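The sequence and structure are shown first.

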Amino acid sequence: MACLPPLSSFAAIVVAAGKGLRVGGDTPKQFRMWQGKPLIRHSVDALISAGADPLVVVIADDARAAAEGALAGIGGLQYVIGGATRQASVRNGLEALAVASPMNVLIHDAARPDLPRDVIARLLAALDTNPGAIPVLPVVDSLAVAGEGELMTDTAAREPLRRVQTPQAFRYPAILAAHRVWQGAGDAGDDAQVLKASSGSVALVHGDERLKKITFAEDLMHPSTSPAFRIGQGFDVHQLVTGEELWLCGVQVPHDKGLSGHSDADVALHAITDAVLGAVGEGDIGTHFPPSDPQWRGARSGQFLAHAVDLARAAGYAIANIDLTLICEAPKIGPHRPAMRAEVARLMGLDESAVSIKATTTERLGFTGRGEGIAAQAIVLVSLASEGTTT
Ligand code: MG
């Protein structure tokens with residue numbers, strides 16, 4: 001996707017101001033993990049990848065920290081506080097774009113994470129001839145009109161009806177003006193309705209089933225496209241120097257040298273941590289615990305691993321097993337293996353049978369063979385947690 005040229009220029013507004021607590025828990029759903037990253041991050045990544053610039057994220061007034069955490073590392077985002085209604089929130093976002101004054105703007109709900117680039121392209125193309133364009137899908141089920149007592153009173157023709165999705169696309173001056181004069185009673189159902197109220201034509205373009213809204217706990221617990229298993233690998237090296245303690249798998253090992261590094265330099269736990277993060281697509285250990293951050297100086301690496309396991313659980317995955325290989329000439333790993341296995345199992349909340357620790361030399365070849373450093377590589381398998389085991 002990164003190698004595709006950007007689409008014609010557009011700004012974007014991602015609306016994430018809802019409390020979104022219907023899925024349960026204390027965190028609004030847009031900031032909860034889904035498919036390996038926070039829900040909101042999926043659509044923000046898709047919009048930026050398609051060329052959105054600038055991009056405004058509309059959030060509730062108490063959600064700044066949660067939003068910045070969920071979107072950490074993405075540059076150039078502008079955060080705007082939402083209003084009392086969705087319409088007011090979108091208007092705040094539109095007003096924030098007044099200086100940039102883009103030609104076109106896409107307005108998207110954060111709760112629709114899977115945003116195909118094709119849909120964006122169709123919407124932008126439709127703006128050549130209309131001030132508004134929205135993605136829609138046909139109604140395939142037959143329709144019944146419900147009356148009192150949930151009894152059917154009539155049928156309705158489905159042919160002229162469409163299901164409406166987001167993002168909705170507009171020429172910026174037209175949708176800004178329409179929101180400024182919006183007189184509808186209460187909240188607007190969507191932005192197309194606001195534009196239509198000021199007589200702007202709205203083109204209907206073909207949407208995509210993947211754009212469905214994540215609404216219920218079921219969607220977050222069992223996203224239909226989540227693979228049952230995922231795998232990750234990690235690799236790390238630290239230098240052996242005199243005057244340092246040697247920590248491997250959270251166990252202090254007596255040796256005439258120790259590993260140097262910013263934290264306790266536990267090369268084994270770093271490799272396992274990267275493998276867990278890799279399995280759920282959560283970046284690497286440096287993303288979460290930057291060496292440049294003084295708070296991690298001398299830190300015990302067990303907390304890095306515990307955090308990675310928490311992220312995997314939040315994404316709906318349980319650790320199935322890990323397999324670690326330590327590569328060094330000395331010290332001998334065998335005598336320490338039982339303690340190492342027990343400690344890794346404890347840190348990851350696993351049974352020891354799920355933890356394998358192996359060791360090899362490189363026949364005195366290379367830096368490990370010369371005793372200049374220790375290398376470690378790890379593989380982790382994670383499996384979709386069954387209902388009730390997700391924390
Ligand atoms: Mg390391």
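The C-alpha centres of domain 1 and domain 2 are 42 Å apart. Domain 1 covers residues 10-220 and domain 2 covers residues 229-387, with bounds taken from an automatic or database domain assignment. The model is predicted, so local features need pLDDT of at least 70 and side-chain atom pairs count only at pLDDT 80 or more, while totals for chains, interfaces and linings use all residues. Residues are numbered from 1 along each chain as its sequence is written, and side-chain values use heavy atoms, with hydrogens and water left out.

**Metal site**

The magnesium ion has as protein donors Asp236 (OD), His238 (NE2) and His270 (ND1), at 2.1 to 2.3 Å. Donors are N, O and S atoms within 2.8 Å of the metal (3.2 Å for Na, K and Ca); water is not among the atoms, so sites may look incomplete. Along the sequence, the spacing of the donor residues is D-x1-H-x31-H.

**Cysteines**

A disulfide is a pair of cysteine sulfur atoms within 2.5 Å, and the count by this rule is zero.

| Cysteine | Relative accessibility | Closest cysteine sulfur |
|---|---|---|
| Cys249 | 0%, buried | Cys328, 11 Å |
| Cys328 | 5%, buried | Cys249, 11 Å |

Key. Buried < 20%, exposed > 50% of the residue type's maximum accessible area, 1.4 Å probe, protein only.
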